[in-house]
Amino acid sequence: MIEERFDAIVVGAGMAGNAAALTMAKQGMKVLQLERGEYPGSKNVQGAILYADMMEKLIPEFREEAPLERHLIEQRFWMMDDRSHVGMHYRSEDFNEQRPNRYTIIRAQFDKWFSSKVREAGAIVLCETTVTELAQDDRNRVVGVRTDRRDGEIHADVVVLAEGVNGLLGTRAGLRARPAPDNVALAVKEMHFLPRETIEARFNLKGDEGVVIEAAGTISRGMTGMGFIYANKECISLGIGCLVADFQRTGQTPYGLLDEFKRHPSVAPLIAGSEVKEYSAHLIPEGGYKSIPQLYGEGWVVVGDAAQLNNAVHREGSNLAMTSGRIAAEAIGLVKSRGEPMSATNLSIYKKMLDDSFVIKDLKKYKDLPPLMHTHSENFFLTYPQLISKAMQNFVRVDGTPKVEKEKASLKSFVKTRSWSGLVGDAYRFARAWR
């Protein structure tokens, strides 16, 4: 056993873990952060969105140092069938501001930089170290961790679990249940490299401007899922993800969906001639508010993806991860400043603080949407995209057919496929879940 004792041990060096370790180190706490990868970010090759407001609360000057790709000025939403898409987008010059609101990043680069700031704040970061289990005393209080290193038991007043959605430490210790397959999505992603000027021409960008495309429809073959495209400086991040339960149910493969997505007529021209250098798979929490596990206990707290903190509706994850990590660290610092033990009663302040933040308020607002999408996935991700595409083609095609007949044909198609009661029921359920 390592004799040195720490104020806190953080398991994981992703967004949530780095936020927690940095915040506690800045408070003067003795922090050890453990990461199983070769370096922080080594297992995160994918692109992602960084939310500036949350990052500024941790590192106000991050824009001057961090490896950022592009600041986002445009958001596109596509509803796709097999040969077309119906889209809406928002683009504003307001986002070409001095302090942009959102950026694309490449996680391998960004997480490594983020970890360097954790070290600068005074935390010890130990990589290539796997935490095998939580160390507990005879009263089941968490008192540290055990690792795969020699003399690998390390003690601390509190352990912060930032191990990701598929982390097993809390499950093995009986602190929380393993996430159900219908609460977790498996996303597969590729990085397509192109010259910078080619990317800017294809996406109508200049300088460091960026765009995000989010897509849903027949690309997920009736499963609950979405595709995405991020324009970076010299590469395009492209991927698709669906619920693990749906992959099990249908027998579809993630790489099969990705290949079809890349060949779609709306997508193929954007990546034509690109060189694929990186491919990865990643589990994402999708269960929403109702899937959040116990967030604290005797000597431990859980943050980020491990706590199912992901807004699947707005596709926001990193901001919830950073915020939960920071709030957990602030709660731990408050308990320590009072000279009180890291008991479940005292650490419950973390949940109170998180409940008062946008994190839980946003997830609570959409608490009924994930189960609605899961139970009616074929309607929302297959039937309606096909009907809407057919109606739009009817609307724009000029072939001598009177407009009134076109409108009647489109309406008849909707009613024949879903019936009046089905259409009203779907609209009511969606509106009720959204409110």
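F430 and W434 sit four residues apart in helix α14, so about one helical turn separates them. Helices here are DSSP runs of H or I with at least four residues, strands are runs of E with at least two, and both are numbered from the N terminus. This is a predicted model: local features need pLDDT of at least 70, side-chain atom pairs count only at pLDDT 80 or more, and totals for chains, interfaces and linings use all residues. Residues are numbered from 1 along each chain as its sequence is written, and side-chain values use heavy atoms, with hydrogens and water left out.

**Aromatic pairs**

The whole structure holds 10 aromatic pairs. Rings of Phe, Tyr and Trp (its six-membered ring) pair if their centres lie within 6.5 Å; planes under 30 degrees apart are stacked, over 60 edge-to-face, and the rest tilted. Two of the pairs share W434.

| Pair | Centre distance | Plane angle | Class |
|---|---|---|---|
| Y366 and W434 | 5.2 Å | 65° | edge-to-face |
| F430 and W434 | 5.8 Å | 25° | stacked |

The Y366 and W434 pair links distant parts of the chain, 68 residues apart. Y366 lies in the loop between α11 (358-365) and α12 (369-375), whereas W434 belongs to helix α14 (residues 403-434). Burial is read from relative accessible area: buried is under 20%, exposed over 50%, partly exposed in between (1.4 Å probe, protein chains only). Y366 is buried at 8%. W434 is partly exposed at 35%, and F430 is partly exposed at 33%. Y366, F380, Y384, F430 and W434 make up one aromatic cluster.

**Helix faces**

In α11, the buried residues are V359, I360 and L363. Down the axis of α11 they fall within an arc of 85°, so they line one face of the helix. The arc is taken from the directions from the helix axis to the C-beta atoms. These buried residues pack against α9 (318-337) and α10 (344-355). Contact means heavy atoms within 4.5 Å.

Helix α5 (residues 196-203) has I199, E200 and F203 buried. Their arc, seen down the axis of α5, is within 95°, so they too line one face. E197 and A201 are exposed on the other side of α5. The buried residues of α5 pack against β4 (71-80), β5 (85-91), β12 (209-217), β13 (225-231), β14 (235-243) and α8 (268-271). After α5 comes N204, with a positive phi near 60°.

**A buried asparagine**

N18 lies in helix α1 (residues 15-26). N18 is buried, with a relative accessible area of 0%. Neighbours within four places in sequence aside, N18 contacts A13, Q33, D111, F114, S115 and V118.

**A surface patch**

M392, F395 and V396 form a nonpolar surface patch, with about 340 Å² of accessible area together. Such areas come from the Shrake-Rupley method with a 1.4 Å probe, and for residues only the protein chains shown count as cover. Patch residues have over 30% relative accessible area and no salt bridge; like charges are joined within 9 Å, nonpolar side chains (Val, Leu, Ile, Met, Phe, Trp, Tyr) within 5 Å. A salt bridge puts a side-chain nitrogen of Lys or Arg within 4 Å of a carboxyl oxygen of Asp or Glu. F395 is found in helix α13 (residues 377-396) and is exposed, at 66% relative accessibility.
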